[in-house]
Amino acid sequence: MKCQTNIRNYIYLWRINYNRRKGYLPLQDADDFEYHAFVVYCDADRHWVHQKFLKKLEQDEGMKLCIHHRDFEIGESITANINNYLEKSWKVVVILSNDFAKSEWCQWEVDVVQERRRRQGRDVFLLIMLKNIDSKHMTNQLRALLDSASSLKYPIGVGEELFWTAAVETLRKPLGHPPTALL
């Protein structure tokens, strides 16, 4: 047991020393990115995203969000655009609904953003449950996403102000320490 502990300590100290030689691992901030967040949503939820979500966060809160209908480069493949703009975005917002769960394309995007979570930690996400997802549409990838981070449920009417406050606070919250895989 003592030998195992010493090996762990040695590996930990070696990682720290190795990273010191390379420099340091700066904690990234929203100012280091072109977009505050990359928004993943299905086309059926576009009206809510454009009329409510963007209006509240961009106009009222001064954030800059990346949405594919407006920001993607024309002529570039969708997968290349997603990869490029995810790199330009500090966080990821996923708008969940039954339509989202039914979309194969959205399921692929879930896989892509899960990889981002593995690299940067769980604080990189804001999951918004716009509409409840029927269990028959719940995939393993979607369940893993929901299990990996907390989600906010969008209320209609009472509680809407609390929802917006929580969404803004989550998007402004620092990412925290880098995942141990980076050490």
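Residues are numbered from 1 along each chain as its sequence is written. In this predicted model, local features need pLDDT of at least 70, side-chain atom pairs count only at pLDDT 80 or more, totals for chains, interfaces and linings use all residues, and side-chain values use heavy atoms, with hydrogens and water left out.

Start with the whole protein. It has 8 helices and 5 strands. Both are DSSP runs, numbered from the N terminus: helices are H or I with at least four residues, strands are E with at least two. From the N terminus on, the order of elements is α-β-α-β-α-α-β-α-α-β-α-β-α. Of the 183 residues, 41% are buried (under 20% relative accessible area, with a 1.4 Å probe and protein chains only). Contacts are heavy atoms within 4.5 Å. Among contacts with a separation of 6 or more, 75% join residues 24 or more positions apart.

Now the sheet. The 5 strands form an open sheet, with parallel pairing, in the order β2-β1-β3-β4-β5. Its edge strands are β2 (65-66) and β5 (151-153), and each pairs on one side only. Two strands pair if DSSP finds at least two bridges between them. Strand β1 (residues 35-40) is joined to β2 by 2 bridges, and these strands run parallel. Here Phe38 stands opposite Cys66 in β2.

Next, a pair of helices. Helix α4 covers residues 78-87, and helix α6 covers residues 104-120. They pack at an angle of about 30°, with their axes 12 Å apart. Therefore α4 is roughly parallel to α6 (angles under 35 degrees count as such). Axes are lines fitted to C-alpha atoms over the stretch in contact, and angles run from 0 to 180 degrees between N-to-C directions. The crossing is right-handed: the near helix is turned clockwise from the far one by less than a right angle.

Which residues meet there? From α4 come Ile78, Thr79, Ile82, Asn83, Leu86 and Glu87. From α6 come Trp105, Trp108, Glu109, Val112, Val113, Arg116 and Arg119. The residues of this contact divide into 7 nonpolar, 2 polar and 4 charged. Asp, Glu, Lys and Arg count as charged; Ala, Val, Leu, Ile, Met, Phe, Trp, Tyr, Cys and Pro as nonpolar; the others, Gly among them, as polar.

Finally, look at Arg118, which lies in helix α6. Arg118 is partly exposed, with a relative accessible area of 48%; residues over 50% would be exposed. The C-alpha atoms of Arg118 and Ser148 are separated by 9.8 Å, although the two residues are 30 residues apart along the chain.

Note on methods
Angles under 35 degrees count as roughly parallel, over 145 as roughly antiparallel, 65 to 115 as roughly perpendicular and the rest as oblique.
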